[in-house]
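The following note comments on the structure shown below.

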Amino acid sequence: MRHEFKRAAVWLGLASAIALVVLLIQPLLIIFAGFVFATLLDGGVRLLGRVLPIGRNWRLLIVCLLTLIFMIGTFVLTGVQVAEQVGQLRATLEAQAVQLTSWLTNQGLMPAPSDISGIARQAMSSVGRLTSWVGTAVGALTTMFMILVIGLFIAIDPHVYRRGLQWMIPEEKRDEFAITASRMGQTLRRLLFGRILGMIAEGVLTWLALMVGGVPMAMILGILSGILAFIPNIGAFISGALMIAVGFSAGVDTGIWAIATYVIVQTFDGYVLVPIVAKRTVDMPPALTLGAQILASALFGILGLALADPMTAMIKAALERRKEVAEEERDTEDAPA
């Protein structure tokens, strides 16, 4: 009876765990996002340690202060201009959507003229939510604050949390878990370092090119392009659509310049910057990245889409470590006594 009760308890516990994961997926994603942010801070601390031989807590304080100064300086220097451009961008995109749907209706590709405004509002609702990140969504701000706090607490003393996870693993598996966790953390740090370089490069290049070409709202488009560069493939498509729509709102020549800017920046990013960064960070196949983003966005929403790459990179690192262990065991079995 005790044996049967144990088996039943195992199956019941597994079913309960799956149900809890389904019910608590959003809080779990927030915790994972906090872990990703902590890894980002840890990467900055390690990088700063190469030039400043001081304690870890002091280096973490410097990284946090530099990040805070950058954020405050960006909002103070460009906040008013960005806020004005956000409203202009939304109005421009809505006008462009109405013109596009009108042209499609004239070509017989849209249902009826009476549905144009409704379709435009529905199509631009997601873009409106995307471009209204400056001062809306109290829930999103609360979530962001929780992610920052969790990440900061983990970055202050990561060894405590690493030991806590090891205590939850069977004793004979703890050493292997420590090695795997270390590999996953290293992979995640490299991935985030590459993403940040790509975001900065794409945002600055887009801003400068659009400003030279006289495209309206070049600053906000550059900021959005840099932010969306964190999500490969999908982010580039969205930023390109925004640039082209705003460019054609100012004229045909400006629209052609926006298209050329998008093609040149994405070509430089895809064929020059990404290969160079991938050699030093994490080289993930584009199809694997896109497939993971589609699945994560369908299962977990926008937060899952943003965290798809870190999840995939960590799973990839764990599977590679498992392959190494299997090969070592096979070599040990094949070796002569």
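1. Read along the sequence, the protein runs α-α-α-α-α-α-α-α-α-α-α-α-α. Its secondary structure amounts to 13 helices and zero strands. The model is predicted, and the remarks below should be read accordingly.

2. The protein has 337 residues, of which 32% count as buried. Its accessible surface is about 21000 Å², and carbon and sulfur atoms account for 70% of that surface. Among contacts between residues at least 6 apart in sequence, 71% join residues at least 24 apart.

3. The pairing of helix α7 (residues 174-212) with helix α8 (residues 218-228) deserves attention. Their axes come within 7 Å and cross at roughly 160°. An angle over 145 degrees counts as roughly antiparallel, and α7 and α8 are therefore roughly antiparallel to each other. The crossing of α7 past α8 is right-handed. On the α7 side the contact is made by Met199, Glu202, Gly203, Thr206, Trp207, Leu210 and Met211. The α8 side supplies Ala218, Met219, Leu221, Gly222, Ser225, Gly226 and Ile227. By class, the residues of this contact of α7 with α8 comprise eight nonpolar, five polar and one charged.

4. Helix α7 also packs against α13, at an angle of about 140° and with the axes 9 Å apart. That angle makes α7 oblique to α13. Here too α7 passes its partner, α13, in a right-handed crossing. From α7, the contact draws on Glu176, Ile179, Thr180, Arg183, Met184, Thr187, Leu188, Leu191 and Arg195. From α13, the contributors are Asp309, Pro310, Ala313, Met314, Ala317, Ala318, Arg321, Glu324 and Val325. The contact of α7 with α13 divides into ten nonpolar, two polar and six charged residues.

5. Helix α13 (residues 308-334) has a further partner in helix α2 (residues 25-49), the two packing at an angle of about 75° with their axes 11 Å apart. This makes α2 roughly perpendicular to α13, since angles of 65 to 115 degrees are classed in that way. Leu29, Phe32, Phe35 and Val36 of α2 meet Pro310, Met311 and Met314 of α13. The contact of α2 with α13 holds seven nonpolar, no polar and no charged residues. Pro310 and Met314 are also among the α13 residues in the contact with α7.

6. Is Ser239 buried or exposed? Ser239 lies in helix α9 (residues 234-249). Its relative accessibility is 1%, so Ser239 counts as buried, the cut-off being under 20%. Setting aside neighbours within four places in sequence, Ser239 is in contact with Glu202, Ser225 and Leu228. Of these partners, Glu202 and Ser225 also take part in the contact of α7 with α8.

7. Which residues does Thr254 touch, not counting those up to four places away in sequence? They are Gly213, Gly214, Val215, Pro216 and Gly247. Thr254 itself sits in helix α10 (residues 252-280). With a relative accessible area of 12%, Thr254 is buried.

How values were computed
Residues numbered from 1 in each chain as written. Predicted model: local features only at pLDDT ≥ 70, side-chain atom pairs only at ≥ 80, totals over all residues. Heavy atoms only, no water. Axes fitted to C-alpha atoms, helices over the stretch in contact; angles between N-to-C directions. Helix = DSSP H or I, 4+ residues; strand = E, 2+ residues; numbered from the N terminus. Parallel < 35°, antiparallel > 145°, perpendicular 65-115°, else oblique. Left-handed = near helix turned anticlockwise from the far one by under 90°. Contact = heavy atoms within 4.5 Å. Nonpolar A, V, L, I, M, F, W, Y, C, P; charged D, E, K, R; others polar. Buried < 20%, exposed > 50% of the residue type's maximum accessible area, 1.4 Å probe, protein only. Areas by Shrake-Rupley, 256 points an atom, 1.4 Å probe, with all protein chains shown as cover.
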